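Dear colleague,

I am passing on the structure below for your own work. My notes on what was found follow it, and I would be glad if you read them with the model open beside you.

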Amino acid sequence: MSGRTPSLTPPDDAARPVRHPEAPAPGELLGAHYEHCFGCGHGQPHGLHLEARAGDDPDAVAITAEFTVKPEHQGAPGLAHGGVLATALDETLGSLNWLLRVIAVTGRLETDFVRPVPVGTVLHLDAEVTAVAGRKIYSTATGRIGGPDGPVAVRADALFIEVKVDHFIENGRPEEIKAAMDDPDQVRRARAFEVNP
Ligand SMILES: CCCCC/C=C\C/C=C\C/C=C\C/C=C\CCCC(=O)SCCNC(=O)CCNC(=O)[C@H](O)C(C)(C)COP(=O)(O)OP(=O)(O)OC[C@H]1O[C@@H](n2cnc3c(N)ncnc32)[C@H](O)[C@@H]1OP(=O)(O)O
C-alpha cells in the first residue's frame with residue numbers, strides 16, 4: 001500500500017506467514033482472549049464485543065470479524081467515533097495471534113478512514129498477516145459496510161511485536177494479573193497462544 005511509513009514495510013528477507021498446525025479450523029469462532037478485553041471480552045459491558053472467526057483459506061493467516069456500531073460508540077451525531085473504529089481494526093488484527101499461536105502487541109497502527117460509519121452499521125472486518133520478520137508481524141485489515149463485499153469504510157496496516165507472557169505479568173496491574181492467573185479459563189486461553197503462565 002502506498003504512503004505507509006517505512007516501519008510498516010516488511011524487510012526483503014521477511015518470511016511468509018504460516019498458520020500454526022493447531023490453529024483454530026477455518027470458520028471457527030475464536031472467542032475472547034480475555035473476558036474483560038475492551039475489544040472482544042464478553043464480560044466487558046463497555047466493550048465492542050467484536051466476534052472474530054478463523055479465515056476460510058487454510059493457506060492464509062487471515063480472519064474475519066464483525067462489529068456492530070452502537071449509540072455509545074458515537075463521535076459525531078449518529079456516526080461512529082474514529083478511535084472506536086481504530087480499536088475495532090486493532091482488535092481484529094490482534095486476533096490474528098490465535099492463528100500464529102504467538103502473543104503479540106500492537107507497536108504501530110496506521111489507519112485510513114475512508115467513509116463515515118453510521119450507528120447501527122455492522123462493520124465487516126477482515127485481516128491478514130502479510131509477513132513475519134523475527135518478532136515483527138506485519139498485517140493489514142479492512143472494514144466494509146453494507147455487507148462483507150460492501151464498500152471499504154476503514155483500513156489499517158499494522159506492526160505487531162511478539163512478546164512473552166512476562167510482558168503482561170511485569171506491566172499489568174497486579175489485581176488483574178492475579179485474577180487472570182487464578183482463572184482456569186484464562187489459563188486455557190493463554191495456552192492457545194502457547195503461553196505457560
Ligand atoms: C496469566 C496472565 C495471562 C495474560 C495473557 C493473557 C492472554 C494473552 C493473549 C493475548 C493478549 C495479547 C494482546 C492483546 C490483544 C489484543 C488487543 C489489541 C492489540 C493491542 O492493542 S496491544 C496493546 C497496545 N500495545 C502496547 O501496549 C505495546 C506497548 N509497547 C511495548 O510494550 C514495547 O514497545 C514493545 C513490546 C512493542 C516493543 O518493545 P521491546 O523492548 O520488546 O522490543 P524493541 O523495542 O527492541 O522492538 C523490537 C523490534 O520492533 C520494532 N518496533 C518496536 N516498536 C515499534 C514501533 N512502534 N514502530 C515501529 N517499529 C517498532 C523495533 O524497531 C525492533 O525492530 P528491530 O528488531 O528490527 O530492531
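A word on burial to begin with: a residue counts as buried under 20% relative accessible area, as exposed over 50%, and as partly exposed in between, with a 1.4 Å probe and protein chains only. H49 has a relative accessibility of 31% and is therefore partly exposed. H49 belongs to the segment before β1, where helices (H or I, at least four residues) and strands (E, at least two) are DSSP runs, numbered from the N terminus. The phi angle of H49 is near 50 degrees, a positive value in a residue other than glycine.

Please keep in mind that this is a predicted model, in which local features need pLDDT of at least 70 and side-chain atom pairs count only at pLDDT 80 or more, while totals for chains, interfaces and linings use all residues. Residues are numbered from 1 along each chain as its sequence is written, and side-chain values use heavy atoms, with hydrogens and water left out.

The ligand site

Around the ligand there are 22 residues, of which D90, T106, G107, R135 and K136 come nearest; a residue is taken as near if one of its heavy atoms lies within 4 Å of the molecule. By type, this shell consists of eleven nonpolar, six polar and five charged residues, where Ala, Val, Leu, Ile, Met, Phe, Trp, Tyr, Cys and Pro count as nonpolar, Asp, Glu, Lys and Arg as charged, and the others, Gly among them, as polar. The elements that each supply at least two residues of the shell are α1 (82-94), β3 (104-113), β6 (152-162) and α3 (166-171), and β3 gives the most, with five residues.

For K136, a side-chain N or O atom lies 2.6 Å from an oxygen atom of the ligand. The ligand taken alone exposes 1,400 Å², of which the protein buries 59%, with accessible areas from the Shrake-Rupley method and a 1.4 Å probe, and, for residues, only the protein chains shown counting as cover.

The nonpolar cores

In the largest nonpolar core, which has 39 residues, F67, L93, L99, L123 and L125 touch the most other members; such a core is a set of buried Ala, Val, Leu, Ile, Met, Phe, Trp, Tyr and Cys residues joined through side-chain atoms within 4.5 Å. At least two residues of this core come from each of β1 (51-54), β2 (62-68), α1, α2 (97-100), β4 (122-133), β5 (136-144) and β6. With neighbours within four places in sequence left aside, L125 is in contact (heavy atoms within 4.5 Å) with residues including L50, I63, F67, L89 and T142. Apart from this core lies another, of five residues, among them A131, A133, Y138 and L159.

Individual residues

T121, in the loop between β3 and β4, has a relative accessible area of 13% and is therefore buried. The side chain of T121 reaches the backbone oxygen of P118 at 2.6 Å, and, not counting residues up to four places away in sequence, T121 touches F67, T68, V69 and I145.

R101, in the loop between α2 and β3, is buried because its relative accessible area is 13%. Phi of R101 is near 55 degrees, again a positive value in a residue other than glycine.

T5 and R108 are 103 residues apart in sequence and 9.9 Å apart in space, C-alpha to C-alpha; T5 is found in the segment before β1 and, beyond its neighbours within four places in sequence, is in contact with R108 and E110. The C-alpha atoms of R189 and Y34 are separated by 7.8 Å, although the two lie 155 residues apart along the chain. R189 sits in helix α5 (residues 184-191) and, at 12% relative accessible area, is therefore buried. Residues up to four places away in sequence not being counted, R189 touches A32, H33, Y34, E35, W98 and D183.

With best regards

Definitions and conventions. Polar contact = N/O pair within 3.5 Å; in protein donor to acceptor, adjacent residues only side chain to side chain.
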